[in-house]
Amino acid sequence: LQWPGPRGVVEELRPAVDATLLTESEFTAAADPHTTGLEVVRRFFHSLCAAVAWKSRKPVNSVSGGQQRAGRLRYKPGERFTNPIVYGVPTIGHRSYYSFAHYEHAGPFLCADAPCVRNVIGKLAAGELDAPFAALVAEVTADVDPLLVGLSYLLLAQAAVDLPVGADGQG
């Protein structure tokens, strides 16, 4: 089992998990310098058995700091969660990210601490989450599929072209 996870979670899990655990920066440092662009991305994701999309460990010094972080988590995009999933890599996300939790089938893959991550890894290894992961893959792929996103933009452009124009030239 390899996965890119945040350093704190990886360090906490290394002694307890029979797996090779890498942070994203450790994988990047070990990458073949002769591969570039999409080939690096493809090799990265295809080398994983699972991924962890976690929050940073920046300290919060006050209640207002905690509220600010919660506000930022509300607007953080979910690509750290969805990118591995699109490549077929089961991904465990931190449950405080709204963009991760917005997926109906994400529940079994959302955690708040390392013991939960360890539990989900065990379930993944035992095959207990195969069906829930297949449902999440279908949901995420439908949400971020480039063809569907492109089609959405085409339909939006067509709708804009078809808008009636008033006598003053304004829509």
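**Entry 1. Helix 8**

I began with helix 8 (residues 130–144), whose 15 residues should span 21 Å at 1.5 Å a residue, and I found its end C-alpha atoms 21 Å apart, which agrees. The expected span is taken as 1.5 Å times one less than the number of residues. Helices (H or I, at least four residues) and strands (E, at least two) are DSSP runs, numbered from the N terminus.

I noted that the model is predicted: local features need pLDDT of at least 70, side-chain atom pairs count only at pLDDT 80 or more, and totals for chains, interfaces and linings use all residues. Residues are numbered from 1 along each chain as its sequence is written, and side-chain values use heavy atoms, with hydrogens and water left out.

Which residues of helix 8 are buried? I listed Phe-133, Leu-136 and Val-140. Seen down the axis, the buried residues of helix 8 fall within an arc of 60 degrees, so they line one face of the helix. Buried means under 20% relative accessible area, exposed over 50%, and partly exposed in between (1.4 Å probe, protein chains only). The arc is that of the directions from the helix axis to the C-beta atoms. I then looked up the packing partners of these buried residues and found helix 5 and strand 2. A contact requires heavy atoms within 4.5 Å.

I turned to the strands, three of which form an open sheet in the order 1-2-3 with parallel pairing. Strand 1 (51–53) and strand 3 (110–111) stand at the edges with a single partner strand each, so one side of each has no neighbour in the sheet. Strands pair if DSSP finds at least two bridges between them. For strand 1 and strand 2 (residues 91–94), I recorded three bridges in the parallel sense. Ala-51 has Thr-91 of strand 2 as its bridge partner. Helix 5 (residues 79–86) packs on the sheet and touches strand 1, strand 2 and strand 3; its direction makes about 170 degrees with that of strand 2. For such angles, axes are lines fitted to C-alpha atoms, for helices over the stretch in contact, and the values run from 0 to 180 degrees between N-to-C directions.

**Entry 2. Thr-91**

I examined Thr-91 in strand 2 and found it buried, with a relative accessible area of 0%. A polar atom of the Thr-91 side chain lies 2.9 Å from the backbone oxygen of Val-89. Leaving out residues up to four places away in sequence, I found that Thr-91 touches residues including Ala-51, Arg-80, Phe-81 and Phe-133.

**Entry 3. Helix 7**

I checked helix 7 (residues 114–125), which has twelve residues and reaches 16 Å from its first C-alpha to its last, close to the 16 Å expected. Its buried residues are Ala-114, Val-117, Val-120, Ile-121 and Leu-124. They cover an arc of only 115 degrees around the axis, which puts them on the same side of helix 7. At the N-terminal end, Asp-113 caps the helix, with a side-chain oxygen 3.0 Å from the backbone nitrogen of Cys-116. Gly-127 follows helix 7 and has a positive phi, near 80 degrees.

**Entry 4. Ser-99**

I located Ser-99 in helix 6 (residues 98–101). Is Ser-99 buried or exposed? Ser-99 is buried, at a relative accessible area of 17%. Its side chain reaches the backbone nitrogen of Gly-78 at 3.3 Å.

**Entry 5. Totals**

Of its 171 residues, 31% count as buried.

Technical notes
A polar contact is a pair of N or O atoms within 3.5 Å; within protein, one must be able to donate a hydrogen and the other to accept it, and residues adjacent in sequence count only if both atoms are side-chain atoms.
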